[in-house]
Amino acid sequence: MKAVVYACMADGLEEVECLAAVDVMIRSGITVKLVSMTGNPVVTGAHGIRITADLLWEESQPDEADCIFLPGGMPGTAHLAAHKELGEALVKAVSEERRVAAICAAPSVLGGLGLLKGKKATCYPGFEDKLTGAEYTSQGVITDGLVTTARGLGYALDLGLEISRLLVGQETSAKVKAAIQYDQV
């Protein structure tokens, strides 16, 4: 069975954080569903780029996701944090031993839900105090248990590769990394 990732998009997201990580996951053979949290299939990013979602949250089945991914950006992260059903789905995913991932400001959503307690996590500088219960690290990408966090846009490819490694294996992740000519890490 193919791994499934839900990329949860809200207006004001950091477009490249979302799409770079998603691109790597798709190249790894993961089924990625772009999910609009806005009730509208077109989500407008922080830099005015419009992204068409595969489905609306209301149509989604988050229990099918092996990983729920939160791109950062503002005010996108604030919109994700305010989405009650998303918060419930994230908590449920971890309780069912499924993965969650967030980049940039979005790890603050996980912190607000108590999902970072006792874990090492990273985020965009200035959001460290929102990682409630976490041990902050300045690493670009870190996985602790079922939670993967990334510092910011510059680490979007690394995040995609890490999620790929976790869901489909090191060999596939390494092949994708070589194919995209990425030798930074």
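At what angle do helix 5 (residues 156-168) and helix 6 (residues 170-179) pack, and how far apart are their axes? In this predicted model, the angle is about 150° and the axes lie 7 Å apart. Helix 5 is therefore roughly antiparallel to helix 6, since angles over 145 degrees are assigned to that class. On the helix 5 side, the contact is formed by Leu-161, Ser-164, Arg-165 and Val-168. These residues meet Gln-170, Thr-172, Ser-173, Val-176 and Lys-177 of helix 6. By residue type, the contact of helix 5 with helix 6 comprises three nonpolar, four polar and two charged residues.

Helix 3 was examined for its dimensions and its burial pattern. Helix 3 spans residues 84-95, twelve residues in total. The distance from its first C-alpha to its last is 17 Å, close to the 16 Å expected at 1.5 Å a residue. The buried residues of helix 3 are Leu-86, Gly-87, Ala-89, Leu-90 and Ala-93. These residues lie on the same side of helix 3 because they cover an arc of only 160° around the axis. An α-helix has 3.6 residues a turn, so residues three or four places apart point the same way. Lys-84 and Ser-95, on the other side of helix 3, are exposed.

The cover over the buried residues of helix 3 includes both strands and helices. Among the strands are strand 1 (4-9), strand 6 (67-70) and strand 7 (99-103); helix 2 (76-82) and helix 4 (107-112) also contribute. Helix 3 is followed by Glu-97, which has a positive phi, near 60°.

Conventions. Residues numbered from 1 in each chain as written. Predicted model: local features only at pLDDT ≥ 70, side-chain atom pairs only at ≥ 80, totals over all residues. Heavy atoms only, no water. Helix = DSSP H or I, 4+ residues; strand = E, 2+ residues; numbered from the N terminus. Expected span 1.5 Å × (residues − 1). Buried < 20%, exposed > 50% of the residue type's maximum accessible area, 1.4 Å probe, protein only. Arc of directions from axis to C-beta. Contact = heavy atoms within 4.5 Å. Axes fitted to C-alpha atoms, helices over the stretch in contact; angles between N-to-C directions. Parallel < 35°, antiparallel > 145°, perpendicular 65-115°, else oblique. Nonpolar A, V, L, I, M, F, W, Y, C, P; charged D, E, K, R; others polar.
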